[in-house]
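Here's a friendly walk through one protein model. Keep the picture open and look each spot up as we get to it.

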Amino acid sequence: MGEASSMSLVDRERELETLKQLFSDCVEGNGAGAIVSGPIGSGKTGLLQVVGDFVTGAGAHFLYVGARAGGPEAFGCLRELCYAAQRLLVKDCDAADALLCPAPGADLSPSVGYGLMTELVQLSDRTPLVVAVDDLEHVDTPSLQCLLHLAQRIRTSRILLLLAVRQHARATSSVHAEFFRQQHFAQLRLATLTERGVARMLADRLGTAEAERLAPAVHATSGGNPLLVRALIDDHRPDAGEPAGAGITPGESFRCEVWACIQRGDPEMLEVAHGVGVLGKAPSSKLVWRLLGTVQGGHLHAMQELVDAGLVHDGHFRHPAAAAAVTGAMNPARTAELHARAARLLHAEGERAPIVAGHIVAGGQGGEPWALDILQEAAEQAIAGAEGQRAVEYLEQALGRCTDDARRATLLALHARVEWQTAPAKVARRLPLLQDASHKGHLDDRQTGELARYLLWYGRVEEAAQVMARLDGSASAQAAAELAELTAWLRVSYPHACEAVPALRALARTSADAPCPVTPAGVLMAALKGNPDGDAVAHAERILQSSRVGETPLESVEAAAFALIHLGRLDSVTHWCELLQEEAAARSAATWQALLSWIRAEVGLRRGDLARARSHAEAALRHISWESWGVVGCGPLATLLLGLSCGEGITEPGAEPAHPVPPAALQTRYGVTYLRARGYFYLTTDRLQAGLADFLRCGELLTRWDLDLPALIPWRMDAAEAQLALGEREEAKKFAAEHEALARRGEERTRGIALRVLAAATDLRKRPALLREAMELLRLSGDRYELSRTLELLGDAYHALGDSSRARMIGAGVTHITSEHPPRARQSGTAPADRRPQQCSDNAVDQSVAGLSDAEWRVARLATIGYTNREISNKLFITVSTVEQHLTRIYRKLNVSRRADLPAMWSPDYAAEPAC
């Protein structure tokens, strides 16, 4: 029946009033007619139905006929009119009988139709009659002649004849023009809705406020076509999970109605719409005619009708969803042919590479020599614009066309660079092709360096050595820089390769002796060795600040971030990771997101926030597949295993994460990290000897590789914990003491843990002093988990020594630290031990502590962790009397009467001065 009658009648008040007035005249015996024209979807049918409801309510008869229902056969429309009127006509109406039940072989003549028209005129003598014929352009010629006969006789009857016709419709009979010549016929032309009209339609379903917000976008998408506006409203489902304030996104209803509009037009409209949909936002609408190879009058009318219907604007569909609805419903072979032709036309017009490349991909054919250049240029632009999937499409199309080995190598390298950002496992399958291209000398220095990194990521060090040898033979500065970074990375992450592979051993030795620029791996090594030059922090932050997703090697980001972690700059690492993760999410760079999640998991582990460490580690392993992680995956797996083991997330064998570890990984830094985590898992599940064996194996490998650095893998401390659990106190004491002696300044965390283990293996009376020192170091490091373990041990020691007051005080501190409240964020760096924070909290304790002077705060902090007055005097270089005076004022300000009631001011929350 055309447009649905339920559509809201908006911006049609003037036309409705005109039709109502014509009906009033009709009731008085002044019959008339009206021709309602308008573009597809403009609401012609809706207007007729509203008029029908009105006249029926006024006591008149309303006969509605949809011409499409009658079909193209002769008298089809008239027969439909007869069906609508049969309950009103007298039973012996010969004309109706002839139309509805024609005799076999009967040849109907116009006289039969004229007879029906006479019956309708006679019917109107009793009751006013409104006859509405929709889609006049589809009425068969015999029916048209009969309707024209009626139109010429209604001047003195009580009949109102309403005819709806599509604007720009191509007339199928010369009779159509006669209706427009009737002097007593009004001509009403419907236009698309204004923006205000669109807002009114939206308000009926969505409310006034939402309608005002959405109206501009909906009007721009629909062109004011009421049918499309309603479809967009149907697609908008805020109750189905759409976020508040979201716009209206064209969906299935919109696509279906667009296609329905196109189908209602003439055949030329379908052809023109197909061309417009294929071209997209073409620089000139004239290209449509060149694409179709025709400029016939019917095509010009079809284009104008698409414009008038609000579907097309400036030579293209208003929304990509409309173009997709048309091209998706057309013959695929014809669509591909048009895309191939569009590519040639647009290339000749000098259109931008991505536009032309899109048509080349969609066309899937053609071997023009310029197509390869266009696809490569478009791919490079897509990479720069963070459109990785599109770049892959262009490159795969180019690889399918390329026959030149050197050019193909360049395309393969680009393809690998893009896919590495999302799925390294896909690149792994192409490595033999890249290696062959490298062997033939078809890769440039940057591409050669990238290939070496891919191979190292998967632990294929001997193959990486062959690739790096080609860099060594190059005289370019790029090759030297790549080689310096790779060899430095080998020394810190693949030390076994430097020992076992002769080519790499020679490269590493040469690189170590030659002066080279600061590399990320070199910065990490400096951090592990205690930052001897003092510039590691600045270098690491500079590397992260200049890093760009998809451009900077992942190894550089990892090295700089872990350098800052080992230097205790956890807040700085978090800051840069958050910024890079936002960029990675925007670029859909899953590999980057995975690596950054692992780094953040390590930060959580260093803070003692085990839940956060586990969460980020799980996210890291979820962003990309385990196959995509290569040997590097042992890093996040180790972090997850440590987070679960330390947090009592694993209580029995077999509960650990099930990820097969590549054998090559155990010859890398990542594998040793995993060995350590596995050792903790064994301790957690009471396999103490197995855990000790893993820790000792870590020490053996690190010693062999000349990487026995406590900041990297504190294996002695770990072995001491295992031996302590086995009851081997002397061995535990030896390993803990060795670690504490080797740990350098700035390694407060591992030194604090070592002192805790040493204290556990030491005589009970000496234990509190060691534990208090450990507590100070762990407080500065910010590790809440290790601090709580140390406090528990200190409390047990005081209890065993009979000092129940101090034991209770320490117990309160353990409760404070292990409560559900997360620690406050700290500023970069570490505050001096005597620095008092200015807490910004609504908590009453924090506010009271803030009232202490700096000197009082220093005394109070030492008093809460069990120092005697004399010990405080010696530590702060003040007299015992001064300590006592400070404590008196502290008790008064905090409204307490004894040390046991002092708040826990030695927690990590007080390690530095938070921002207020």
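## Before we start

What you're looking at is a predicted model, where local features need pLDDT of at least 70, side-chain atom pairs count only at pLDDT 80 or more, and totals for chains, interfaces and linings use all residues. Numbering starts from 1 along each chain as its sequence is written, and side-chain values use heavy atoms, with hydrogens and water left out.

## The big picture

The chain has 48 helices and seven strands. Both kinds of element are DSSP runs numbered from the N terminus: helices are H or I with at least four residues, strands are E with at least two. Of the 916 residues in the chain, 56% are buried.

Now for contacts, meaning heavy atoms within 4.5 Å. Take the contacts in the chain with a separation of 6 or more: 69% of them come from residues 24 or more positions apart.

## Salt bridges

How many salt bridges does the structure hold? The count is 44. The term stands for a side-chain nitrogen of Lys or Arg within 4 Å of a carboxyl oxygen of Asp or Glu. Glu485 and Arg453 make one of them, with their closest N and O atoms 3.3 Å apart. This pair ties together distant parts of the chain, 32 residues apart: Glu485 is in helix α26 (residues 477-493) and Arg453 is in helix α24 (residues 445-457). Glu485 counts as partly exposed because its relative accessible area is 26%, while Arg453 has 10% and is therefore buried.

Next, find Arg607 and Asp571, whose side chains meet in a salt bridge at 2.3 Å, N to O. Here too, distant parts of the chain are linked: Arg607 sits in helix α33 (residues 590-607) and Asp571 in helix α32 (residues 570-586), 36 residues apart. Both Arg607 and Asp571 are buried. Then there's Arg697 with Glu700, at 2.9 Å from N to O. These two are three residues apart in helix α38 (residues 688-704), so about one helical turn separates them. Arg697 is partly exposed at 30% relative accessibility, and Glu700 is partly exposed at 42%. Salt bridges can also join up: Glu137, Arg166, Asp266 and Glu305 are linked in a network of them.

## Two helices side by side

Two packed helices are described by the angle between their axes and the distance between the axes. Helix α39 (residues 715-725) and helix α41 (residues 748-760) pack at about 25 degrees, with axes 10 Å apart. That angle is why α39 is roughly parallel to α41. Angles under 35 degrees count as roughly parallel, over 145 as roughly antiparallel, 65 to 115 as roughly perpendicular and the rest as oblique. The axes are lines fitted to C-alpha atoms, for helices over the stretch in contact, and angles run from 0 to 180 degrees between N-to-C directions.

Which residues meet there? From α39 come Met717, Ala720, Glu721 and Leu724, and from α41 come Thr750, Ile753, Ala754, Arg756, Val757 and Ala760. Ala754 also turns up beside Glu740, which touches Arg751, Ala754 and Leu755, not counting residues up to four places away in sequence.

## A helix on the inside

Eight of the nine residues of helix α29 (residues 520-528) are buried, so the rest of the structure largely encloses it. Among the buried ones are Pro520, Val523, Leu524 and Met525. Their cover includes α26, α30 (536-546), α31 (554-566) and α37 (669-684). Just after α29, Gly530 takes a positive phi of about 95 degrees.

## Two loop residues

Asp314 is not a glycine, yet it has a positive phi of about 55 degrees. Asp314 lies in the loop between β6 (312-313) and β7 (316-317), and it counts as exposed because its relative accessibility is 59%.

Ala386, also a residue other than glycine, has a positive phi near 60 degrees. Look for Ala386 in the loop between α19 (369-384) and α20 (388-401). With a relative accessible area of 27%, Ala386 is partly exposed.

Note on methods
Buried < 20%, exposed > 50% of the residue type's maximum accessible area, 1.4 Å probe, protein only.
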